[in-house]
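Hi everyone, thanks for making time this morning. Please have a look at the model on the screen, and then I'll walk you through it.

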Amino acid sequence: MTTAGPHVPELYVPRGSAANAQYVVDIDPERAGWTRGSLRVVELGPDGTHHFTTGDSEWIVLPLGGGCTVRIADEEFQLLGRESVFAGVTDFAYVPRDAQVKIASGAGGRFALAGAKCERRLPARYGPAPEVPVDRHGDGTGPPPHALSTARGGTRTVRGFAAADAFVCDTLLAVEVITPGGSWSSCPPYPYDEQRAGGEAELEEIYYFEIDGPNGFGQQRVFPSREGGADVLTEVRSGDAVLVPDGRHGSSVAQPGHDMYCLNVMAGPGEAREWRICFHPEHTEGYR
């Protein structure tokens with residue numbers, strides 16, 4: 001089940017449905033029906049290369065599997081990458097708007113391009129893996145407000161490689177979440193519908209999923225927060241995505257025995273680049 005307002009595209013994006021000659025996933029603002037956020041996934045064979053122009057967006061090149069070099073003008077960054085998204089954090093490269101970029105991989109691999117339309121042209125930079133903050137949420141040890149989520153089955157690991165307080169971008173926010181098999185994420189659910197000081201931040205968000213092991217799957221729910229708003233309940237498998245233009249995010253549920261990876265790409269119109277949430281008041285029982 002996926003429903004949205006009359007002018008919003010289908011919110012569940014199954015694997016292959018957003019593919020083209022260059023990318024196995026290509027979701028831009030026009031495809032998503034919103035203003036800023038984008039996600040692309042490119043697959044390169046041995047000695048493969050990919051060229052792209054950043055245009056009016058800033059981008060992060062994030063290895064999903066394998067390593068690569070990223071060249072922008074006379075700067076080059078060597079990304080060691082990782083075997084898979086379940087192997088741990090990875091290094092990454094930030095590339096600014098209005099730039100020509102070349103990605104090259106000797107052994108081949110899969111690389112996510114997380115992007116957002118922006119105004120400022122920031123310098124290209126390397127993001128070292130050891131500097132990526134890793135927080136375990138749902139066991140009371142993570143930073144607030146996620147420390148509230150201490151109900152059984154609510155644990156997950158958040159890799160905040162491009163969180164607001166971890167890495168400087170103009171508008172782009174991006175994190176990775178690992179939900180252990182049999183556990184829940186984004187619980188209690190929360191919205192990004194309004195820009196409210198000290199409360200919410202208005203954000204568009206893309207959820208991109210991978211599942212550990214063959215035939216694994218998860219479930220993704222988005223509650224409507226207004227009449228005719230986003231309403232999603234769908235099974236998700238590796239390579240699927242879910243668009244969240246509004247509504248209450250959650251929950252994300254991983255099949256027992258199959259850990260679930262999610263790349264969350266966010267951007268919004270607010271002057272401040274921030275990730276603020278407000279839990280659904282009817283779903284907080286059992287949490288502290």
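Predicted model: local features only at pLDDT ≥ 70, side-chain atom pairs only at ≥ 80, totals over all residues.

Residues are numbered from 1 along each chain as its sequence is written, and side-chain values use heavy atoms, with hydrogens and water left out.

Let's begin with the overall picture. Of its 288 residues, 55% are buried. Buried here is under 20% relative accessible area, exposed is over 50%, and partly exposed is in between, with a 1.4 Å probe and protein chains only. Taking contacts with a separation of 6 or more, 73% join residues 24 or more positions apart, a contact being heavy atoms within 4.5 Å.

Now, how many residues of strand E21 are buried? The count is 7 of the 7, across residues 248–254, so E21 is largely enclosed by the rest of the structure. E21 pairs in the antiparallel sense with E18 over 5 bridges, and also antiparallel with strand E15, residues 184–185, over 2 bridges. Pairing means that DSSP finds at least two bridges between the strands. Val-253 in E21 has Gln-219 opposite it, and Trp-184 stands opposite Val-253 too.

Next, follow E18 to its end. Pro-224 sits in the loop between strand E18 (218–223) and strand E19 (231–236). With a relative accessible area of 35%, Pro-224 is partly exposed. Beyond its neighbours within four places in sequence, Pro-224 contacts Gly-229, Ala-230 and Asp-231. Its C-alpha atom is 6.2 Å from that of Arg-248, which is 24 residues away along the chain.

Finally, the cysteines. How many disulfides does the structure hold? The answer is 0, where a disulfide is a pair of cysteine sulfur atoms within 2.5 Å. Cys-169 is in no disulfide, and the nearest cysteine sulfur, that of Cys-118, lies 9.0 Å away. Cys-169 is buried, at 4% relative accessible area, and Cys-68 counts as buried at 2%.

Notes:
Helix = DSSP H or I, 4+ residues; strand = E, 2+ residues; numbered from the N terminus.
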